[in-house]
Amino acid sequence: QDITLRATANSNENDEDYDGLVVFKNYVESASNGAIAVEIYMGTQLCSNGAECLQGIADGSIDIYQTTSGGAAGIFPYVQVLDLPYLMKDDRTAEAALPGTFTKTIRDMALEDSGDKIRLMTIGNTGGWRNFANTQKRVQTPADLDGMKIRTVVADLPQELVTTLGASPTPIPWPELFTSLQTGVVEGTKNGITDIMSMKFPDAGLKYLTLDGHAYMAAYWWMSNDSFMALPEDLRRVVVDGFYALQQATFASPKRKSIQAYEDFVANGGDLYVPTPEEKDAFAEAAAPIYDWFKENVDGGEAAFSALQDAVAKAEEDINAMRDQEIN
Amino acid sequence: MGLILLRVANVLQRLNTRVLWIGTSLAAVAITLMVVAILVQVFFRYVLNSALPWPEEAARFLMLWMTGLAAPAAYRRGAFVSIDLLEFALPRRVGAVLSLLLLLIALAVLGMALQFGWKHVQSGWLFNSSSLKLPLGLIGMKAVKIKLAWMYMSLFVGFAMLAVVNIELILRSVLKVMGRDEGLDPLPVMTIAEAE
Amino acid sequence: MLIWFLPLFLLLLLIGLPVFFALLAAPGLLLWLNGQERDVALLYRNVYNGIDSFPLMAIPFFMLAGELMNRGGITLRLVEFSQAMMGHLRGGLAHVNILSSMLFAGLSGSAVADTSALGSMLIPAMEKQGYTRRFAAAITAASSVIGPIIPPSGIMIIYAYVMGESVAALFLAGIVPGVMVGLSLMLMVRFMANRYDFPVASAKTTWNERGQASLKAFFPLMTPVIIMGGILLGIFTPTEAAAIAVAYAIIIGLFIMRTLKLSDLPDVLSRSAATSAVVLLLVGAAMAFKTVVSLSHAPQILADIILGLSENPLILLFLINLLLFIVGMFLDAGPAIIILGPVLGPVFTDLGIDPIHFAIIMSVNLTVGLATPPMGLVLFVASSVSGERVETISRAILPFLAMEILVIFLVTYIPALSMTIPQLTGFAN
Ligand code: NA
Ligand code: NA
């Protein structure tokens, strides 16, 4: 083969990202008849966080890389639009809304901001949805979060969100979260269930989980624009299709993985609470001021927000129409 | 020829002594501020029960600059670890030629570092720091996030200073091979080093 | 063939190129010859990224704390305390020397600092009591290696960072092996004391005097309690603990014991900055080197070679002991652990050795190497402190080295010695 694409993600081989990459590699290598080889480097072998790895994408030393929205926020702050709470109802809506115009809008913005170096290929999922979980009590209404110390990453948006809901944001590095929960440095966290279980947080006292689904755990897949554009057009088509396959794999994988995780959580004595539609509305209402904050304070926030809103509206319409056809 | 080299070496010697003194002093300030930043972080988290977003990144920023500013002085004092058995085992002249060769390899590495370091700094203008802002809010403007290029510059500056030191060491080494190094001040020596 | 960067690296190292430059020159040259210019950019960036780390910040902080304590006359209090406890035994000052090193280890992560601080005080004192100078220098050097084994420890911070392990777990795992090295040396002193009729240092101290000495040493002795207690209870990270140790050292030095002067600070600060800068650059270069190790698939290739020698982990561990011991003779522990960790660690973890246990095997092995002839770093420091020749100290140290090698084997083959404390405290599985 003539071309080697070097792909990396900072997670490990148990992660959805790896499932996606394996599918990508398999598709691209066979569909290109071996013209393209894909090398997968999981973890921090090449680079260890969003800023570092996107640097590698920008200068072409890495071809493909996955970040969460937090990981890319340092260069493309508007990608955090997917961290905004309660904008998308469920997986079906998200999976219809993300591809197409929304992805294209973000891709164009990112290409422009990176001087045509960093190209968004697709948006998948990594770990389902974020929920509030804590060591103290069952959370049914926003008032239950009052004053609770919630762990966030070091980024404005999640901190602002936690503040908006009346809780107290506490930035703690991921590897230290276990001991911080154990010793009461923080009382709660906002994570997907698979991360909660793989980090054994219940052993640190994390007992109460409210399935509010306040944010989609999006995975942004980036590629070096130079590497991509250097491919002949037919191979570009293969790569694009490969990312489609990758996206579908990462949509599916967390759903399958979370089943066991939820069962384990409950078996460990965890309290799993599903808020009623009214309670969910109360959360959405309490969080609403964050939308304006986002549009005002985040560069490109306005454009990204309306792109997402339009895409969600269109997706809901399509889904409803399709559902009507299917049930009658 | 030897005389010209000796003059250049003398100039570099004076330049390095001063620049490195400034670098080391700034590095001492940086390590002090690092301690302060982390203590502030602990204080806010435990005593005031509200964590601050910036101390961790600020302390890393300072540590990078501490490294870039202090390492060249340490290099000049011979504090970079190496296995120096061979140089001592060889006859004096041959040993001097070997150490000249080693310095040239080091110079090549530093040249490479400067070339890629410059690109690295340039690329840093694209990226914002995640928590460090210029507090322009104080003068009525919007706070602006600091570009990572300001952090990236730390090592680039360090490598530039290392390269100048390395050139001085090469000149000294050439003069030593020629047997004309008696006109130079001896290099300062670092007493105790090492993490061990 | 990218993999040739390993032999090239070894060659550059052996002809005397500073480790920092060798770590970059060898992979850089081969990447360039291979036409992989984009990976040279990766190499550079990872030097930077390697240094840009919060856990690593514990290194400058612990170094600074150690320097401050040293300057502040704390060493003297520790020695007086040790003297009150063990001075009345036969071979008293030799025991005092070892106990002081164990206590000093709780404040400092450096064997070099131990040798120079305790050596300058104890070697003359021992000579005055009739010990030979070479014996005094040898016991000083031999016991100083406890410094980086008992926490805090510079090389363990480095290893944890480079290998992605928990600093707290490594610190906890080092406690028992460190104490064992101390006790084994005391055992040897006891044996030699009877045989060669060593002097006692002081008449039996009364409990009252012991109380006095403990009181005077109270504040310094609290340092390890604060550091390890805070880490254990999860109150602060090792980096924060190190910053607190700095503040504590300044407070007791300036205000409580009043042995430190404000005018000492600029010198202490710039020395710590310079020393840490060298170590940090080295760690950065090692992280870059490690990237090329991954790109070249070196671990798989080496694993094949190593497993070709034997598949029995016990035999392989013995070979590792041997290799580390030889490397330790020529290279300081920090650089050695930086170079060998990424290459050997994955192979042995795959063989079922716990990563934390393996980290301790490497650390103990390589720190003992600091006192091993011909190139052991602390031998040179002991020589410059005492004025005795390195060759003479090298001979006098052999019985103590034998004890330390015994401890290395015990630590290697009995994982529980390192693993029990981190497991009981929940810092290891
Ligand atoms: Na120590
Ligand atoms: Na000692």
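Reader: Is C:Asp39 buried or exposed?
Author: This is a predicted model, and in it C:Asp39 counts as buried because its relative accessibility is 2%, which falls under the 20% limit used for that word.

Reader: Which side chain does C:Asp39 meet in a salt bridge?
Author: The partner is A:Arg6, with 2.5 Å from N to O, and the pair crosses between chains, running from helix H3 (residues 37–51) of chain C to strand S1 (residues 3–9) of chain A. A:Arg6 counts as buried too, at 5% relative accessibility.

Reader: How many salt bridges are there over all chains?
Author: A search of the whole structure finds 20. One of them joins the side chains of B:Arg76 and B:Glu168 at 2.9 Å, N to O; because B:Arg76 lies in helix H2 (residues 55–76) and B:Glu168 in helix H5 (residues 149–178) of chain B, the pair ties together parts 92 residues apart in sequence.

Reader: And what about the sodium ion, which protein donors does it have?
Author: The donors of the sodium ion (ligand 2) are C:Asn97, through O and OD1, together with C:Ser101 (OG) and C:Ser143 (OG), and they lie 2.1 to 2.9 Å from the ion. C:Ser101 sits in helix H6 (residues 92–105) of chain C and C:Ser143 in helix H8 (residues 133–144) of chain C, so that pair links distant parts of the chain, 42 residues apart.

Reader: Are those two serines buried or exposed?
Author: C:Ser101 counts as buried, at 0% relative accessibility, and C:Ser143 is buried with a relative accessible area of 0%.

Definitions and conventions. Residues numbered from 1 in each chain as written. Chains lettered and ligands numbered in written order. Predicted model: local features only at pLDDT ≥ 70, side-chain atom pairs only at ≥ 80, totals over all residues. Heavy atoms only, no water. Donors = N, O, S within 2.8 Å, 3.2 Å for Na, K, Ca; no water. Helix = DSSP H or I, 4+ residues; strand = E, 2+ residues; numbered from the N terminus. Buried < 20%, exposed > 50% of the residue type's maximum accessible area, 1.4 Å probe, protein only. Salt bridge = Lys/Arg side-chain N within 4 Å of Asp/Glu carboxyl O.
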